[in-house]
Amino acid sequence: MAMEIEAEAPVLWGLLNVVLSVGRARTTTSAEREDVSKEWAAEESEYWCQVDDLEGVIEGITGNHVSRAERLVFRRDAVIKLRKVVIVSLLKKSVNQKANALSSMLGIFLHSTHAPEKVIETMSRMGLSISVDAIHDAIRALSVESCRTLQYLGQTLLAAYAYDNFDVHLKSMVPTAKKSTDMLKHLTSGLLDSPTEHTWKDVLSLHQDIQHPSELTRRDHFNSWKFLHDLCYHSPPYFAQFQSEIADPEVVEQIPVTKMPIVAASAMDVNNLTVAGNIQAIENLLMQGGVCDPAEVEDDESPDVSEYIVLVHGDLGTGECIASLQQRRSIEKTLWRQFQHIVFVPGLFHLKMAAADAIWRALIQPTSARRDLTSLMHNIAQLCPHEIGIFASKPGFRMMHQLIGHDGICRRLDCWCTEVERMNNTHKSLADFAMTKPSLDKLKEIANQLAREYYENNLLINKYFLLYEELSYMMNTGDIARVETCIIPWALIFKATGKHKYATVMIEFLKNLHFIYPAGLQKAICYHWLINPTGKTGHFRAVDWCVELNNLFIKVKNGGKGSNCSMARVILESPLMEIYCKAHSVIENNFMHTGRTSSHAEPDMKKTFDGLLMKMQLTTPHFPTLGRQSTYSVPDLLDKGHELFEKGTKGNAWGGNERC
């Protein structure tokens, strides 16, 4: 905008530059620059003390070190340019009400941040924002435009659909005698992204290992990499020098790293916990995508998808309802009414949640599993002592995810301590081992040895943690073949921990994917099972994770507050989440806001890890101790899962009462 104004009115731009620079004439000598820096620092030092990113930008452009005085001069010029843009925008709007680019952007920004209407009206009188009514008109227009975008994407027949339920508590509603309405509303949100006879044993042969000279399997190589990674990132500083030299794990089949567009659909007043609700949700989503029943539309108004496949991502509850509705509709005459074009794809984020829950069931839920000094519950007392009761009852996914990561790091570091002490009795700690200055090749050799041996009862704990770490890592990197190889052992673990529906459905899905579906459909599903919203390496996300993120924006960030939080507003603004995010980004960048990220820095876990490692040195979980007894033997869930699959227990794919 500044460049456009300068090109259109260079004289006015120069005049404003002179007026705003009075008393702050830009100087070139070092002494004058020092005076400018003192003046500027005294005036706005509190504001600018948190802004550090501009330094990196300037140095990246010039390649030279930039002094503090030059940085402050650069920032002063940026603020002056911003003020000139605001002044010119006010002058233009006073002459022509349609020249409201800046005020429109600020109005949308204020609306998305739940600014009070009094604030918006005040800024509107000042000319800095459009009025409240104009904002509402803009929201409705943007919502209509979003519908057109959805129809364009849907009618290409290259879009995959995903939907999930979310609840909204309308606290402002008042029940009356005439109308007693439940304040808890069940809605459905959706996204569009562009993108023979066999048994369960056939799935075990997918993506077989290639013989390696080290005789390590592909999974052992990942475990070795993880041991080495934890040593270099969470141990004495000597090992940090090898961080950049650690090669990434082997890639089997990588999804291309490209930015995949995601378009949010309008939320639906539909409860998709029932089969009828899922029918309404699917038909509504397809209608938003411009796809309707061919028998009910005229020629060329809507493409006929009867001969195509529509991928629908969701949790197991969604898959169960889709399977049920396809069975019920099988007697219908047309393929459209039979829903034969729908292919359900289970969400990998919910699979990851189920994996964390399976670990909780195996290692924490049994009362006897909490008594041993080497048990996971005793480590929880060291890592997060105030949450012991929560972990004992039913922790959420985030807590289990952090526990698996933190406890797994400490266990693997203790394996290093045990191994290096076995090699040399003088190495009582990793610090002593670092004093010998081992080479990277030596560390890799030890890591390979650790990948082969996991030690006694804690062998299985390490094994389950590493399986979880492998699943998470491969999902983030987009190695879809490695994700599939991780699903197979997790299906066995699900079977052994009572999650029979998850086990059977995942195995059935892999069987269909590789032995039933044609090659083109197989590739389409594999390459759209994960998506990359940012287009960056290592930033792949599950489709159902993106749906949950969209639900967060709809309910918490942009759904309104207090009396403004109504079902009509939630539905109207639900497809505008991306527009709101872009508006925030534009305002934050151009107005040079500080603290522009919601991502938290990684916590400093050094003291916490040191405390847990000291406890492990006393309890020696990875070193056999004569006479030590255990009240709980960690079960081999993989063997138990094999046994249950052989027996065919609970073989109904949609039996049980699980939804996640």
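Analyst: E578 is partly exposed, its relative accessible area being 44%; buried means under 20%, exposed over 50% and partly exposed in between (1.4 Å probe, protein chains only). This is a predicted model, in which local features need pLDDT of at least 70 and side-chain atom pairs count only at pLDDT 80 or more, while totals for chains, interfaces and linings use all residues. Residues are numbered from 1 along each chain as its sequence is written, and side-chain values use heavy atoms, with hydrogens and water left out.

User: Which residue forms a salt bridge with E578?

Analyst: A salt bridge is a side-chain nitrogen of Lys or Arg within 4 Å of a carboxyl oxygen of Asp or Glu. With closest N and O atoms 3.6 Å apart, the partner of E578 is K582.

User: Is K499, which meets D357 in a salt bridge, buried or exposed?

Analyst: The N to O distance between D357 and K499 is 3.2 Å. The pair links distant parts of the chain, 142 residues apart, with D357 in helix α14 and K499 in the loop between α21 (480-496) and α22 (500-516). Because its relative accessibility is 2%, K499 counts as buried.

User: How many salt bridges are there by this rule?

Analyst: One of them joins D357 to R361, with the closest N and O atoms 3.0 Å apart. K226, D230, R412 and E469 are linked in a network of salt bridges. By this rule, the count of salt bridges is 23.

Note on methods: Helix = DSSP H or I, 4+ residues; strand = E, 2+ residues; numbered from the N terminus.
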